[in-house]
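Thanks for coming. Please have a look at the model on the screen.

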Amino acid sequence: MKATRLHPIAATESTASASPATRAADAVWACRFDVPGLPRHHVHRQRALELLSRTDDVPLVVVTAPPGTGKTTLLAEWVKAEGRSGDTAWVTFDGPPDVLAQRGVFAACLGRCLADLGVDVAPGHDDRPSAAWVSSPASAVVAAGRRLTIVLDDHHRLTADVADDVDLLLRLTRGRLRLVFAGRRPPALPLHRYRLENTLVELGSGDLAFDDGEAATLLATPGEPPQPTAGVHDWNAYHGGWVAGLVLSRRSWHVGRPGGTAESDVDDYFRHEVFDPLPVELRRFLLGTCVVDAFDDELARELAGPAADRLVRLAECSAFATTTRTGDHAYPGVVRDALRRELERGAPRQVSAVRLPAAAWLRRRGALERALLEYAAAEAWDEVAGLLIDGQLVSRLLCEGDERFAGPLRRACEPLAGSENRAAPVVRAALRLADGDALGCAQTLSSVPEDADPALRACVTALDAVRARLTADADGALASAEAAQRDLGGTGAVHPAGTLPALVRVARGVALLRHGDFDLARAVLEDTAARPDGRTLAAVHADCLAHLALTDAVEGYLTRAEHTATESLTALTRHTSPFDGHAAAHIALALVALDRCDPGTAWSHATTAEPAPEPLTRHLAHRITAGVEAAEGHPAAAASRLHAALTEAAPTDPWAADHLRVEAARLALVEGHPDLALHELGSLGRVDGAPAPAAHPDAAAVRAAAHLRRNEDSRAQQILATVADGSVALRPRVAALLVEAERRLRHRSPLRSAPVLDTALRLAAPERLRLPFRQAGPDVRHVLATDPRGTQYWLGRLAETPPTPPVEALTAREREVLRHLTDLLTTEEIAEAMVVSVNTVRTHVRGILRKLGVNRRYAAVRRARELGLLDD
């Protein structure tokens, strides 16, 4: 069945001046008449072979699919598997297009195939009508007395119009001849009539696409069985079952990531085999529709006009386009990405011509961010400005990332920052704010004239409100947020789908937290988190959740705070800007850990939150660090830290200052100094002072305990009455109950104290709120330590217990280093005193901390004193 081939160039030269009949005959030598062999990476395709097995009773089989789908390989396997070598002939049309364009080529190749099958046919002449030359091969086929099959591979290269000849040939052979057309587009036959008569079997790219099992076989490591896993499914779905794509990307599959050389290989194959051979009109259509994930008939008509339906069909058979369940059209991921890279390599004028219709279509569909990216790629800066300002997409620049993690929107809009465009000032301001430069943002916003259009002014005031979150002025932050809400609500130019109002609402919620108005702040943040615009961006939604968690943690609702903070961090793949809730979520988790008497975890979360960009999170971070220091036995350092933070917060953040003041007073009380505690509180929580005690329930509980320990029972009772209301937050309520229990115990009324302790335990147990019980008076701790109520698993042991010995005895050198630590010597000073290296001292310090079960030097000294290790 094999034949010698004349080189195509030689064939062209030898037939340039020959007659049509001679040129058609010579074209045979440019074609191939053997059944191709199977490739090395061949995969058995049972599903497709079963479809071909249904073709025994039909005269026409059409296999149409883009390049690289395995059409030839499938048909070769089918021919060889069915044992049809004696009644099947094969021709692969090849050679220069001008040679294959001759009308007589088909007749000559048909004659050669029939001759290979042992059917003698008189030579035909291409200048005779169809009925004249077709009758001869048709009669010969019928006379052969057996059913014959001819595979016409790459028939799309045969540019001559032979549709009438083929149709007549099939009718005259009366089912004795089966023609199998394999090519990149359907043959120009009346296929509708064959479908109606049920005498046609068609296979398309969907039938030839690999399923997951076939893909697993192809991707399997040699010598190992295929494993159809979820990863194989995703990989195969991305390639749309395209055989060539899967073969070329096998290397990327085995190293576990796409891209690199394999991506280049796919691009080269796609460009040369799929894209470049297509007509210019179709290439432009593919580039215009690949910029969206799925396109509809409207976009197709906008790009191609009356030719849209035809081009959609051509895209399906030439570029793997499929119709989705919603009626839209889409390309497999690998084809879409290859087309997009092809578009990026195109000339600027070509890029604009195809991107602008797609951008307009995306804008009408509400995909504003995608539309902006397409407008920016087409350098349509006026449209970009319109989306940034009127569509409020400037807010996305605040959430996408700082200059280290610049996302696609930031990269697209950066050229505007240095222009004279209408949106240039807000772009510059937003980029500086995303980088944490609040001062630079304010200076840029001040350059926008007061008489600017309402939409631009609304963006300016909104950015200013978000900027105020980073400033020390709590009153100014609240005023800016409320002004921005008025501006955003008063202009009809504001796009309802923008996320700028959500950012402003979060800014207002944070400002309310800074003023201690937790109920209203919670309402604002919960409303924002539930709204569609608050869920549009993960960073905005996570920001809401983080500050809700912060609110719950401060008030003692630890379980809810832990869940919400964890959800916030889960929504954030990375910490990219000051407004993604990263620091606030970690500070909330640190507060939870501190209230559950886990200083190590609290310290870990507090350090992860650094640097805390907002004043509120920064002040609370100081409080956490002080709490860790106090828990590890360093109350003086804790008090010093609290006073320093109080000095910073007092001029600008009244609630934070009051909160720190209460913690300083609580610390003094725990250390046995009620007078100092009252001094720290000042007028906070006083019955006869302003503000009222109910406005500072934490302060009232501490003040009541201080008066009680000064034996001023009536004063303590009077203050406690102001925080007995059930509307008070959980933490101060539990603290107040413990003070009341202490008061009753002082009156020698343990039975009357029992219900109060029960209530405190019942309220705190679901949250595992331990710290108020650890900080309670000695009488309460004694009762809880000796009573069955104190043995609850969540509370732990509160009584004084003998210190646990170190897990391992300290060496002589470690004891020497420990003594130097008691003198507060630095690492370098210890090394000099011991005549050893600094690294040796550090090694001994790490050993001391590990053996004593602490994580700080002063905690190690305290622990060593408890264990008597320094007595000698």
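This is a predicted model: local features need pLDDT of at least 70, side-chain atom pairs count only at pLDDT 80 or more; totals for chains, interfaces and linings use all residues.

Which helix holds both Arg467 and Asp464, and how many residues apart are they? Both lie in helix α27, residues 454-467, and they are three residues apart, about one turn of the helix. Helices here are DSSP runs of H or I with at least four residues, strands are runs of E with at least two, and both are numbered from the N terminus.

Residues are numbered from 1 along each chain as its sequence is written, and side-chain values use heavy atoms, with hydrogens and water left out.

The side chains of Arg467 and Asp464 form a salt bridge, at 2.8 Å from N to O. By salt bridge I mean a side-chain nitrogen of Lys or Arg within 4 Å of a carboxyl oxygen of Asp or Glu. The general point is that side chains of opposite charge can pair when their charged atoms come close. In total the structure holds 53 salt bridges.

Are the two partners buried or exposed? Arg467 counts as buried because its relative accessibility is 15%, and Asp464 counts as partly exposed because its value is 22%. The cut-offs are under 20% relative accessible area for buried, over 50% for exposed, and partly exposed in between, with a 1.4 Å probe and protein chains only.

The next pair is Arg560 with Asp552, where the closest N and O atoms are 2.9 Å apart. Arg560 is partly exposed at 43% relative accessibility, whereas Asp552 is buried at 3%.

Then there is Arg710 with Asp675, a salt bridge with its closest N and O atoms 3.2 Å apart. This pair links distant parts of the chain, 35 residues apart: Arg710 sits in the loop between α40 (697-709) and α41 (713-720), and Asp675 is in helix α39, residues 674-681. Arg710 is partly exposed, at 36% relative accessible area.

Some salt bridges share partners, and in this way Asp167, Arg171, Arg193 and Glu197 are joined into one network.

Now the cysteines. How many disulfides does the structure hold? It holds zero, a disulfide being a pair of cysteine sulfur atoms within 2.5 Å. For Cys109, the closest cysteine sulfur is that of Cys31, at 3.9 Å, which is too far for a bond. Cys109 is buried, with a relative accessible area of 2%. Cys290 is also buried, at 0%.
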